[in-house]
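Here's a quick briefing for anyone opening this structure for the first time. Take a look at the model, then read on for its salt bridges and the contact between its chains.

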There are 2 protein chains.
Amino acid sequence: MSGYNVAIVGATGAVGSRFIQLLEYETKLPINSVKLLASKRSAGKQLKFKDQMLTVEETTPDSFEGVDLALFSAGGSVSAKFAPEAVKHGAVVVDNTSHFRMDPEVPLVVPEVNPQALKRHHGIIANPNCSTIQMVVALEPVRQKFGLDQVICSTYQAVSGAGQSAINELMTEAQQVLNHEPVEPKILPVSGDEKHYQIAFNTLAQIDVFEDEDYTHEEWKMINETRKIMEDNDLKVTATCVRVPIVVSHSETVYFTTTDRSATPDDIRAVLKTAPGVVVEDDPKHQVYPQPINAEGKKDTFVGRIRRDMDNQGSFHMYVVSDNLLKGAAWNSLEIAETLHEMNLLHVQD
Amino acid sequence: MSGYNVAIVGATGAVGSRFIQLLEYETKLPINSVKLLASKRSAGKQLKFKDQMLTVEETTPDSFEGVDLALFSAGGSVSAKFAPEAVKHGAVVVDNTSHFRMDPEVPLVVPEVNPQALKRHHGIIANPNCSTIQMVVALEPVRQKFGLDQVICSTYQAVSGAGQSAINELMTEAQQVLNHEPVEPKILPVSGDEKHYQIAFNTLAQIDVFEDEDYTHEEWKMINETRKIMEDNDLKVTATCVRVPIVVSHSETVYFTTTDRSATPDDIRAVLKTAPGVVVEDDPKHQVYPQPINAEGKKDTFVGRIRRDMDNQGSFHMYVVSDNLLKGAAWNSLEIAETLHEMNLLHVQD
């Protein structure tokens, strides 16, 4: 076969740049061509792909002519408008936005957890929320072996989850604080929300807008997406999502209770050591535990600080760290495409 | 009465400087004199107190001659050596280190929670760990009204908890990262431990050294000190303590289950609104929630993000933020002294 014609929608963004890097040299997917799409504002930009310079084009319905695989990461409204157009042109869409995630017709997939859901796709596959992906990658092997009754998560999320402008804002603010200059927040916590707060040397317990029951949209995503991916609507999941002044990689404290209460920390560690996509970094004697700066640029999910709750048999803590732009976004999307290819669910059009 | 002769041991440190500020204008305690004590290395330094310049003296057993109240915050070994000397000279010691905290003869006190324990003192009163204090200040009013069955805490702790040198390290590293220069960590996560890691734009899931069951000393403190302060050895408490790149104020996600399962989030909010030392900042509609930079320099504990766990009746989340150098250290110590004074347990020596 000749390889796929791939389009990246949102090619100039933080996740888009990771798509380009991964497609250059880090995918098993046979590639025939790569098309870079973005908003009108970014059209005309030149971006390097291997030894070529590619020109970014404005996304239009006709952009998807001849495209076999479209990787979307340009915001929910862009996916809402153009993903169905791409499907009409025969492309399979892997969408990194939240727009289609809870649509019962759209599979929501983490390849290590629920690849079988890909068989039910009708052209669009949704990539889950970054903080959800790394949590389920670490929890699923435990669930398979010991069952899972309850999960309580607190996140320490990097600003890159809010895009390149949020990264720029953190760096600018950090320098202003070091210079004893006033800061002028304009993006975080949520660019479209009313108030903006300093993130440099601060925490912000708001990721995305507030919704029902005083949970944020990000917290509801962690609850609802985890249940959909694990295909278990009765699973007890709850979360508090907090932005911290970090550029890349989300950290999470994950407290969980197994159904089989006889599991030990060594059992949990043993299961995770052979789990796909998981690297156990857990050696307290030698001060080894996952760190965001070590996870940056890596595709795995790093797990450490595994230990039991001393008061509740069958309950455990772990600390889960992963690059939110890779496993949390671009890499998981590309793994979905690779899995579709392996399952013979992705095709080069005539 | 003429007022107390007060000694500050560790006057040149991050907490010591807060003691000086508070004693200048922010205490109800009648003060006759203030003596600044530190290590030999710092002796001779001049520090401003009101309109005087005071000379820092080296701490010796004789330093406590005529001292009525000694506020210690210079490390456990200094307290071990000199707190008994201060008591011999008739002083009451309020010790901010961990050295005496779990001694059954030494009361461990948060004045909003267990002032009655002060009656049992034999000269030394221990000030609890910073991350424990703010958590129990927020939990005790709930416990009084609805009972408390279980607590699961994740912390987002500021570097100032590790002293002035750790603050300097964060600021230096942050500038180095912004300049694209290499960083050279020498202090954090634990100055006395073998390996040191970057804290700027990173998280470190290690505060203090690792101990039994792969919990850190800081995590054991949160468990054991909470039980001692609340005088409930059966209370289920567990924690994961994480350092984040913040200068002042610890944040905590606190998940708790009440004994009376009928409580609602509004009930919890109502109880906390009238609780001593607590300020409820909880208005999601207007993006109001506690933030470290807002808590800095304030004596209160700020609580927000109060909401129920959707799957477990009687379980709740809250987000607790407080200045770790004030309510977490200097202010709580001084409040202990003020409470001793009010209870007629502190005396001016003849």
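**Salt bridges and the A–B interface**

Asp214(A), Asp266(B), Arg269(B) and Asp282(B) are linked in a network of salt bridges (a salt bridge being a side-chain nitrogen of Lys or Arg within 4 Å of a carboxyl oxygen of Asp or Glu). Keep in mind that this is a predicted model, where local features need pLDDT of at least 70 and side-chain atom pairs count only at pLDDT 80 or more, while totals for chains, interfaces and linings use all residues. Residues are numbered from 1 along each chain as its sequence is written, chains are lettered from A and ligands numbered from 1 in the order in which they are written, and side-chain values use heavy atoms, with hydrogens and water left out.

**Salt bridges inside a chain**

- Searching the whole structure turns up 38 salt bridges over all chains.
- In chain A, Glu85(A) and Lys88(A) pair up at 3.7 Å, N to O; both sit in helix 2 (residues 76–88), three residues apart, or about one turn of the helix. Helices here are DSSP runs of H or I with at least four residues, strands are E runs of at least two, and both are numbered from the N terminus.
- Lys88(A) counts as exposed because its relative accessibility is 66% (exposed is over 50%, buried is under 20%, and partly exposed is in between, using a 1.4 Å probe and protein chains only).
- Asp208(A) and Lys221(A) also form a salt bridge, at 3.7 Å, N to O. Asp208(A) is in the loop between helix 4 (164–178) and helix 5 (217–230) of chain A and Lys221(A) is in helix 5, so the pair ties together parts 13 residues apart in sequence.
- Asp208(A) is partly exposed at 22%, whereas Lys221(A) is buried at 12%.
- Over in chain B, Glu335(B) meets Lys327(B) at 2.4 Å, N to O. Glu335(B) is buried at 14% relative accessibility, and Lys327(B) is buried at 1%.

**Where chain A meets chain B**

- On chain A, 64 residues are in contact with 64 residues of chain B (contact means heavy atoms within 4.5 Å).
- The two chains bury about 5600 Å² between them, 54% of it on carbon and sulfur atoms; buried area is the accessible area (1.4 Å probe) that two parts lose on being put together, summed over both.
- Phe201(A), Gln287(A) and Arg305(A) supply 13% of the area that chain A buries against chain B, more than any other three residues.
- Across this interface there are 10 salt bridges. Glu219(A) and Arg305(B) meet in a salt bridge at 2.7 Å, N to O.
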